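Here's a quick tour of some side-chain packing, with a look at helices, rings and charges along the way.

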Amino acid sequence: MSDISFPTVTIAEAKKIISAMAHKQSILLLSAPGVGKSDAVRQAAAAAGLECTSLLGTQIAPEDVSGIPRIVGERSVFCPPRILLPENPEKFCLFLDELPACSPDIQKAFYSLLLERRLGEHKLPEGTWVVAAGNRAEDRSLVRSLSAALVNRTIILQVRVDVKEWIQWAIGNHIREDIISYILLVPQALQRPVPNLPVPFSTPRAWASLSQAMDLLEAEGSLTESTTQAVVFGSVSAEDAAIFMEMQKISLSDQQKAMKDADDYIFDPNLLPETSEEKTNPMRWFVLQKIHNRILEIKDDLQGWKRYNDMTPEICNNFFQRLSNEEKVTVMLNCVPVWGKLGADETLIELFFDLTGIEIKA
């Protein structure tokens, strides 16, 4: 395997590339499961006024691509299937889904289609789009090795999840507010790594499906704590399901507090959701994770942080004085040098002695 890190594109960027190039160049979208590749292709086609015809690579045979022969005069002629070459000669979008899961024979049958827009002696209507999609080998999906010949006939786009882009889509598509709030608070929950075991895991598709399931239960008057727990744990990663269920119990006022910018909590720790020794406030954990993610984002560009010049050691250490040692570790994880540059030296020294038990000599 090569150590080269390939550049990625978001769903919105992929749609723009498809719209600009798919009538001349064959495009293959690769990503983890549940990112929204299929929807992206259909939406791009719809925006261009093209009918989208899908062909599932795992459910076809070579003759479904090359066609069935028949005798015309003294020669055999291959008749292409109607789904790949409609009788109507107008251009359309041909979507080859799960292409990496195709057998070698199926992949070979696609060669002329991908490179020359041709099925045997028949050419696709001028302007027809050819777009394929599939999962990557590292995602532990039913994926086969792509032949070099097939790879060389397509432009491969590595697609990634973009949280801001998904939030905009979610708002426009009526995804439940509690799900959107959770993703805003825990952005990494939008796309979790594919687990080794066949259990639910969090993806954009899984969250959208969960939203629909909860809406259907609510419409029937059946959205109880028990049914919600069942569909939540049956849709997304267990770690997200557990926290999401806890979030259902948190007051609206606490949720609104957690929607503030991460910087606001550092400069005014009074905004932090309250907690006690007897009972942990899950929303406080969300906020601390939000602050941690913020510091990780700016660690390589402190000077580019708009509020960098406003930060003083007093502000920084005052923030940490409101946290327990466990919370301090959570916020500082993997970014201790950044906090040091921001002026948290006093807190870092105190935390070191508290955690190690070493006494400070007078």
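Where is the place of Ser31? Ser31 sits in strand β2, which covers residues 27–31. Keep in mind that this is a predicted model. Is Ser31 buried or exposed? Ser31 is buried, since its relative accessible area is 0%, and the cut-off for buried is under 20%. The side chain of Ser31 also has a partner: a polar contact of 3.0 Å joins it to the side chain of Lys37.

**Helix α1**

Next up is helix α1, residues 11–21, where Ile11, Ala14 and Ile18 are buried. These residues are on the same side of α1, because they cover an arc of only 55° around the axis. Turn to the face pointing away from that buried side and you'll find the exposed residues Lys16 and Ala20.

So what do the buried residues of α1 pack against? Their partners are the strands β1 (8–9), β2, β9 (129–135) and β10 (155–159), plus the helices α2 (37–47) and α7 (163–172).

**Aromatic pairs**

Searching the whole structure turns up eight aromatic pairs. One of them is Trp166 with Trp169, a tilted pair with centres 6.1 Å apart and 40° between the planes. Both of these tryptophans belong to helix α7, three residues apart, or about one turn of the helix. Trp166 is buried, because its relative accessible area is 8%; Trp169 is partly exposed, at 31%.

Then there's Phe319 with Trp339, a stacked pair: 6.1 Å centre to centre, 15° between the planes. This pair links distant parts of the chain, with Phe319 in helix α15 (residues 313–321) and Trp339 in helix α17 (residues 336–342), 20 residues apart. Phe319 is buried, with a relative accessible area of 0%, and Trp339 counts as buried at 0% relative accessibility.

Rings can also gather in a group: Tyr182, Trp207 and Phe244 make up one aromatic cluster.

**Charges over rings**

Which rings have an arginine sitting over them? Here are two cases:

| Arginine | Ring | Distance to ring centre |
|---|---|---|
| Arg153 | Tyr111 | 4.6 Å |
| Arg307 | Phe267 | 3.9 Å |

In the Tyr111 case, Arg153 lies over the face of the ring. For Phe267, what sits over the ring is the charged end of Arg307.

Technical notes: Residues are numbered from 1 along each chain as its sequence is written. This is a predicted model: local features need pLDDT of at least 70, side-chain atom pairs count only at pLDDT 80 or more; totals for chains, interfaces and linings use all residues. Side-chain values use heavy atoms; hydrogens and water are left out. Helices (H or I, at least four residues) and strands (E, at least two) are DSSP runs, numbered from the N terminus. Buried means under 20% relative accessible area, exposed over 50%, partly exposed in between (1.4 Å probe, protein chains only). A polar contact is a pair of N or O atoms within 3.5 Å; within protein, one must be able to donate a hydrogen and the other to accept it, and residues adjacent in sequence count only if both atoms are side-chain atoms. The arc is that of the directions from the helix axis to the C-beta atoms. Contact means heavy atoms within 4.5 Å. Rings of Phe, Tyr and Trp (its six-membered ring) pair if their centres lie within 6.5 Å; planes under 30 degrees apart count as stacked, over 60 as edge-to-face and the rest as tilted. A charge sits over a ring if NZ of Lys or CZ of Arg is within 6 Å of the ring centre and within 35 degrees of the ring normal.
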